[in-house]
Amino acid sequence: MLPAGRGDLLTETLPARSPSSLLPSRPLARPLIPVTLALMGGIASGAWGVRPPGAWLIGGLLFLWAALIYVWWTHRRVRLLALGFFYLLGVAFYQQASQPSFPPHHVVHLSQDEDLTILGHLDRPSKIGPERVQMFLRVEAWRSPQGWSAVTGKLLVSAPFLEPPPVGTGVVLKGRLRTPMVLKNPGAFDRGRYLAADGIFREVRLRDRNDLVFLASTEAYPLGEKLRGGIRQLLKSMPQAERAIYLAMLLGDQGEITPEMRQAFARTGTSHLLVINGLHLSMAAAVTYFLSFWALRRFPWLLLRINVIKVATLLAAATVVAYAWVAGGSPSTQRAEIMVLAYLLLVFLGRPREVWSALALAGLVILTLTPLRLFAISFQLSFVSVAAILYLVPRWVKGVGETHSKGEPSPGLGLRLWSWNKGAAAVSAVATLATAPLVAAYFQVVSLMGVVVNLVAIPLVLGLALPLGEAAVLAQALSLAPLAQVLLTLGKFPLWLGFSAIEYAARLPGSALIVPIPTWLQIAAYYVILTLLFAPRRTYVTWAGVVLAGGVLLGSVALPWAYPPRVLEITCLDTYGSLDGVVVTPDGRRLALMAARPSWPGRQAGGFGPLPAYGHWRQWRRLDQVAALSLSEANAPELLTLSRQFVVGQIWYGRRGPEGPAYWDLWNFLGDRGRAPRSLERGRPPPNLGDVGLKYITLGQGKGVALELTYQGGRALIIPPLRELSGEELAVADGPDWEVLVIPGDLTGPRGRDGLFSLLKPKRLVIYGAFRPSASPGDLPVGISCHLTRDGAVSVYLSPTGVTVKQWRR
């Protein structure tokens, strides 16, 4: 006890402190969530161009790490330091993953100018397509002039259709290495970054099966390959549709999924059933957990000796790991496996309601191991859908996930079924609503029947057919092939019912909408509206945020229509050698241009073009005209896609090349709708498009048609893919002095490329396709503004005041 008066003295000497300051600082609830978001922001910033020098980045990380240690040691609370550290860590992760430092013996250091003989083994299950097979090779050696030399790295091998051998099989191939080609167009898929996420930086494309040899092995195949082979053998007697779906769900093999089936799944919003994702693994874990929990409770003496919940959780985790292992461990499967195991870990630790922490932990682990997974559609769809379900479903449906207190009467069966159906409908609606912008951005299709169809298909396909299929895999592992066959036969019936519902809904008119690609600003505004509209506490601030985000969303859609550019636009896209581009008149009319690259013995012509994706990126719905300056089997699929996904006016074609199934599919599709293409050479194409003059110039025999554009005295000439033009053919063009000349990369004139330029005298040159391999900067014409589409799509704008050129840079 203090003496009299000492209490007052002590009070005077101590500094005044508020009551809250005397309490210990409250720890941040769920700290993994902001940390994971900061890491995501750093990775995304690296992709958007934030790339500080390595020395600065390392220095910043070391400084923040030292500051964090000091803060922890002094018990201070500065949360922004941790967020800044993980943000910079995300930037560093992106730089290292996209441009890693390779060892001297890595495959990227081998020559790309000659055919090489390479030895390796298959690293994971191959992807089987309708015409080609993709195999993932781990390289071990290559044949140098001095003999076999060791080499490391991964290689993507694309070969003509064949039955791939099991994982681990030795492979010898002869081919030319090349960097994965990425089309540098707006709206194009970044294939290079997709492969870099798997550590693949080189690929080989084989045209002849004889360039690929599989080595015999005296060792037994791995157990996983035996199981996969046994399941394939058992599924051979099943009808095609059910077999294809079972192969996709159990083994991750989508090789037998037909284009018609993919379209049906896409139109009904059920494509996720074909990819082994978190929903598949969660269903497998849930079935295992509840069955094992129910079985263990049948033995009361066990309840006194073990924790039944933890044992059931461990059995569920073992099922998830085994399922992912049998499926081959693809990147999407590994990501889903980490997500489900993260939640099971919290269940094992007695914290099953910390789903937000489980989601953040899974994201942190996945992005630390493979940072480029942030840009994978499977990662984005999974995390957005789960986060939306956790955020919105409790606000839409009261009582979801709540347990009844002791002493309260248990609800009846009817009430429980109603509650379950209500919750399932809410989950399906929320997942569809939350993923709609991402689905539109990547697939340009939004299903209007997805909520209803998923309510029917998921219980049948994932609730019944999938567990029976997994039980068949287990029976096959135990050498009980007859039992496995019976289980697969039983699983065939719910699979058939589910797919029949999907097919029926897909045939309904209006079951899906073809939509343009939304911008990232529009996607962000959409999610801001969705978040604030259902905020836990809606105030004037949240409503103001909803109005502001809605205004941004509507303005971004309306402004391009309200203020169109009053110029003639000619855009030439980056391609694999064909011609793809658009012409936009000052009054907003659109002409799509395409022409297939001519083929010759030993080389395949053309490929699927980028026009549909570019049209969606521009958010177009209508194309007034389409001119295929040359039409063949190579560019027929692209024209068919344009006809299906856009409102297309008249279609014209020039030279007709080699024909095939895709070519006749195009003609049948257009003929059934009374829109058969018309010939540019025999018909009468329109002489203008709005204020722009059009003149189609027939070149030599079998060389297709060129296009001349005129506007306000300026002229542009577009030449289809050719290898050579004679002087007589060039004389058909109306004089020299062109504002813009668009030519293929390997075109030459009567006296070579210089003769071509001297006859046409262009002021600006756009070269599309692959420039000649032997070409160097010195081969480009002197005194002419030259732009190569291999460096990015090129847009030329002609106006009465002059000509401007813009090039897209990825």
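Trainee: Pro482, buried or exposed?
Mentor: Pro482 is exposed, because its relative accessible area is 61% (exposed is over 50%, buried under 20%, partly exposed in between, with a 1.4 Å probe and protein chains only). Keep in mind that this is a predicted model, where local features need pLDDT of at least 70, side-chain atom pairs count only at pLDDT 80 or more, and totals for chains, interfaces and linings use all residues. Residues are numbered from 1 along each chain as its sequence is written, and side-chain values use heavy atoms, with hydrogens and water left out.
Trainee: Which helix is Pro482 found in?
Mentor: Helix α17, residues 481-507 (helices are DSSP runs of H or I, at least four residues, and strands are runs of E, at least two, numbered from the N terminus).
Trainee: Switching topic: at what angle do α9 and α16 pack?
Mentor: About 65°, and the axes are 10 Å apart (axes are lines fitted to C-alpha atoms, for helices over the stretch in contact, and angles run from 0 to 180 degrees between N-to-C directions). Therefore α9 and α16 are roughly perpendicular to each other (65 to 115 degrees; under 35 is roughly parallel, over 145 roughly antiparallel, the rest oblique).
Trainee: Which residues meet there?
Mentor: Leu279, His280, Met283, Ala284 and Val287 of α9 meet a set in α16 that includes Ile458, Leu462 and Gly463 (contact means heavy atoms within 4.5 Å). By class, the α9 contact with α16 has 8 nonpolar, 2 polar and 1 charged (Ala, Val, Leu, Ile, Met, Phe, Trp, Tyr, Cys and Pro are nonpolar, Asp, Glu, Lys and Arg charged, the others, Gly among them, polar).
Trainee: What about α6 and α7, what angle there?
Mentor: About 165°, again with axes 10 Å apart, and α6 and α7 are therefore roughly antiparallel to each other. On the α6 side, Arg228, Ile231, Arg232 and Leu235 make the contact, and on the α7 side Arg243, Tyr246, Leu247, Leu250 and Leu251. That contact of α6 with α7 has 6 nonpolar, no polar and 3 charged residues.
Trainee: Last one: which residues of α4 are buried?
Mentor: Among them are Leu81, Phe85, Leu89 and Tyr94. The buried residues of α4 pack against α2, α3, α5 and β6.
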